[in-house]
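Me: I would like to learn how to read a model like this one. Please go from the whole chain to a single residue.

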Amino acid sequence: MSMLKIKKGDTVKVIAGKDKDKEGKVIAVNQKDGKVVVEGVNMITKHAKPNAANPNGGIIHQEAPIDVSNVMYIHKGKVTRVGIKVDGDKKVRYAKSTGDVID
C-alpha cells in the first residue's frame, strides 16, 4: 500500500458503513493493511479471560479498525480530500478544498 494521507491524531468523519456521519480522532494507523482505528467508531464487544491487567475478566468494549477509504479528513469543520505537495525541500499534506497546508 502506498503512503496513507490520514495520520494518527487527525480528526476524521466516517463516510460509509454502520457508523456513517460519526466523527472522531484517529487513535492508530495500520499502513500495511490500509486501516485506521477511530475513537468511538466501529465499537466491538470482546470477551476477555481474567489476567493481571484485568483480574475479573469480563466483557470489554473497544474500537475495531476500519478501512482508510471509509474516512475523510475534517478541515475547519468540513470534510476534504487530502493531497501531497512539495513545499521547499519536503513533502507536506494540504486540504484540497482550501489549499491550506495541514502539517
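The dialogue below treats the overall fold and then one residue.

Reply: Keep in mind that this is a predicted model.

Me: How many helices and strands does the secondary structure of the chain come to?

Reply: The chain has zero helices and 10 strands.

Me: What radius of gyration does the chain have, and what would a compact globule have?

Reply: The chain has 17 Å, whereas a compact globule of 103 residues would have a value near 13 Å. The spans of the C-alpha trace along its principal axes are about 55 × 30 × 20 Å.

Me: What share of the residues is buried?

Reply: Of the 103 residues in the chain, 28% are buried. The accessible surface is about 6900 Å², and carbon and sulfur atoms hold 50% of that surface.

Me: How far apart are the mean positions of the positive and negative charges?

Reply: They are 3 Å apart, for 20 positive and 12 negative charges.

Me: Now a single residue. Where is D10 found?

Reply: D10 lies in the segment before β1, which covers 11-14.

Me: Is D10 buried or exposed, and why?

Reply: Buried means under 20% relative accessible area. D10 has 8% relative accessibility, so D10 counts as buried.

Me: Which backbone nitrogen does the side chain of D10 reach?

Reply: The side chain of D10 reaches that of K7, at 2.9 Å.

Me: Which residues does D10 touch, not counting those up to four places away in sequence?

Reply: With those left out, D10 touches K5, G24, K25, V26, Y73 and R93.

Terms used:
Residues are numbered from 1 along each chain as its sequence is written. This is a predicted model: local features need pLDDT of at least 70, side-chain atom pairs count only at pLDDT 80 or more; totals for chains, interfaces and linings use all residues. Side-chain values use heavy atoms; hydrogens and water are left out. Helices (H or I, at least four residues) and strands (E, at least two) are DSSP runs, numbered from the N terminus. Buried means under 20% relative accessible area, exposed over 50%, partly exposed in between (1.4 Å probe, protein chains only). A polar contact is a pair of N or O atoms within 3.5 Å; within protein, one must be able to donate a hydrogen and the other to accept it, and residues adjacent in sequence count only if both atoms are side-chain atoms. Contact means heavy atoms within 4.5 Å. The radius of gyration is taken over C-alpha atoms; the globule rule is 2.2 Å times the number of residues to the power 0.38. Accessible areas come from the Shrake-Rupley method with a 1.4 Å probe; for residues, only the protein chains shown count as cover. Lys and Arg count as positive and Asp and Glu as negative; His and the chain ends are not counted. The place of a charge is taken as NZ of Lys, CZ of Arg, CG of Asp or CD of Glu.
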